[in-house]
Amino acid sequence: MKFLDQPPHYLFFTGKGGVGKTSVACAASVQLADAGRRVLLVSTDPASNIGQVFGVEIGNSMVAIDSVPGLTALEIDPMAAAHAYRERIVGPVRGVLPEAVVKGIEEQLSGACTTEIAAFDEFTELLTDAELAVDYDHIVFDTAPTGHTIRLLQLPGAWSGFLEEGKGDASCLGPLAGLEKQRTQYKAAVDALSDPALTRLILVARGQAATLREAARTHAELSALGLRQQYLVINGVLPIEEGNTDRLARAIGDREQAALAAIPSTLEALPRDEISLKPFNLVGLPALRLLLVSDVPASASRSATTASERSCATAPSLATLVDGIAADGHGLVMLMGKGGVGKTTLAAAVAVELARRGLPVHLTTSDPAAHLTETLAGSLDHLTVSRIDPHAVTERYRQQVLETRGATLDAQGRALLEEDLRSPCTEEIAVFQAFSRIIREAAKKYVVMDTAPTGHTLLLLDATGAYHREITRQMSGRNFHFTTPLMQLQDSKQTKVMIVTLAETTPVLEAANLQTDLRRAGIEPWAWIINNSVAAVHVSSPLLRQRATNELAQIDAVATRHARRYAVVPLLEDEPVGVNRLQTLAGGNQGCEKAPAWLKRDAQGSTIETLQRE
């Protein structure tokens, strides 16, 4: 693999959610360690799952992977980091300042901005720790999905600049307080990121137009930040010979090759590797060691699954879930899940089907990387479409504050206010306000939200929770009726949360973790959707048949352990782009109504042996 040729000290893997950054980063770390290098693998993703991949508990401290000598792993847990960060600021004044003042400081430190700053604080420390530079030959960062990665990498410059120019208004005192003493550390982090002798960026994509466009955008943005040593990895490419076996495999292969032929020009000059689609789930050390291997031995595809096909055979279609949603007449529908599982497509499909039934629908997204207009590729009566653009809403918020609060200030006061509004905290407030305005519409119509990938969604909900606590505190003891956004999200009569996943081990585990976090916030998911299921269609490709068999255990787990109700959406030959195809997806009989006969046989033993007998 070109991206592992003469690797520098720092390796960053980035790309659109769901392209396989974690798997590639883990496999690369194992390969480097197997070659005798000392490697530290770090996740900065709020939805980190490297512990799941290796089958060990990792967490917010360095843990040696015993099965791979020389490999150590660390997950930066944003919540744990935020708690430690808050305590570092609040601890010294607890018992010194009045309790009301301490509570006010704690409330100021309860939002998503503090969580991200705290995680960034640890991230910067790893880049500038002289001892780690000696102890490890390579530090591999399995970074969060694209939007979060870019924000994280922009923070060193943003915070350094903000500290140099002064904090401005006291509204930023809380989150920034712990950063004041570490300016030199941030400068060193920026220098390390932009040094091609120290840092290499690996852009991970799929053979899909959307992920390649995202990689091109990331390439341009990171290049502008000074990170110019970049490599491109196309992951999960269907082997060409599989395209000769059946229509679905041929359609997948044709789509991938067309996307690669039309690759954005900015990516063409980058060193490029392609990793073939594997027939097994990428969990466990044997699977990781085979990921970067071109020719996988047939024995590696042997399946040990004995899961029943009953979950797939009786699974309802997406149309069944839409029937349940339409019965309410209005409400908020939120699709949540890991990046890359198909939330944008399914949100559009649900909205299109509701609108086709004559119901008023507002389809919107809070994901910076979403492309709803591209997915719809058309218009429909009763359907409006919008997007919460973080940059646009932040600029509107700045102008609004300057026009209201700034109108009565003198020149010095206005300068301080403008300086305060340059804080990265401002974006959190602006996005949250836009989110709150949109969900209020759900009292009269359907609002379908294609939310940001898991980590972003949790941060957004944390901002909602902080606002809820503040309003509740202010209103306590008064005879006012009030409803906060969090209260609306918690009300099952007003809000239906659908968790989107794939029938693979890691996506299902991540979806289960998301469900746990939602329940902790008092939000009960209404349904799960298993998207792009191969088990739901008839295939003859040996590789796709093996992957279909692997899906059965995960479909069974969703049906019997995780979901109150669920649907299975099949992987389609034609991409579900355009109003007509989306309508078919949500309004037609696109479900797992009858398990293929071959799948029943394969689920009872070794798929490879079954295929050989046939």
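**View 1. Thr 72 and its surroundings in the predicted model.** Thr 72 touches residues beyond its neighbours within four places in sequence: Val 39, Leu 40, Leu 41, Met 62, Val 63, Ala 64, Ile 65 and Tyr 136. Contact here means heavy atoms within 4.5 Å. Thr 72 belongs to strand E4 (residues 71-75). Helices (H or I, at least four residues) and strands (E, at least two) are DSSP runs, numbered from the N terminus. Thr 72 is buried, at a relative accessible area of 11%. Buried means under 20% relative accessible area, exposed over 50%, and partly exposed in between (1.4 Å probe, protein chains only). The side chains of Thr 72 and Tyr 136 form a polar contact of 3.4 Å. Such a contact is a pair of N or O atoms within 3.5 Å; within protein, one must be able to donate a hydrogen and the other to accept it, and residues adjacent in sequence count only if both atoms are side-chain atoms.

This is a predicted model, with residues numbered from 1 along each chain as its sequence is written. Local features need pLDDT of at least 70, side-chain atom pairs count only at pLDDT 80 or more, totals for chains, interfaces and linings use all residues, and side-chain values use heavy atoms, with hydrogens and water left out.

**View 2. The eight-stranded sheet.** The strands of this open sheet follow the order E3-E4-E2-E5-E1-E6-E7-E8, with mixed pairing. Strand E3 (63-64) and E8 are the edge strands, each pairing on one side only. Two strands pair if DSSP finds at least two bridges between them. Helix H10 packs on the sheet and touches E1, strand E6 (199-206) and E7. The direction of H10 makes about 160° with that of E6. Axes are lines fitted to C-alpha atoms, for helices over the stretch in contact, and angles run from 0 to 180 degrees between N-to-C directions.

View 3. Why is strand E5 (residues 138-142) largely enclosed by the rest of the structure? Five of its five residues are buried, so E5 is largely enclosed. His 138, Val 140 and Asp 142 are buried on one side, Ile 139 and Phe 141 on the other. Strand E1 (residues 10-14) runs parallel to E5, joined by four bridges. Tyr 10 stands opposite Ile 139. Strand E2 (residues 39-43) also runs parallel to E5, through five bridges. Here Val 39 faces His 138, and Val 42 has Phe 141 as its bridge partner.

**View 4. Helix H11 on the sheet.** H11 (residues 247-261) lies across E7 and E8. It runs at about 165° to E7. Asp 246 caps the N-terminal end of H11, with a side-chain oxygen 3.3 Å from the backbone nitrogen of Leu 248. The buried residues of H11 include Leu 248, Ile 252, Glu 256 and Leu 260. Their cover includes helix H10 (209-224), strand E7 (230-237), strand E8 (272-276) and helix H24 (542-562).

**View 5. Ala 348 in helix H16.** Ala 348 sits in H16 (residues 343-356). Is Ala 348 buried or exposed? Ala 348 is buried, with a relative accessible area of 0%. Leu 363 is 15 residues away in sequence and 7.1 Å away in space, C-alpha to C-alpha. Beyond neighbours within four places in sequence, Ala 348 contacts Leu 363, Thr 375, Leu 376 and Leu 582.

Notes. Expected span 1.5 Å × (residues − 1).
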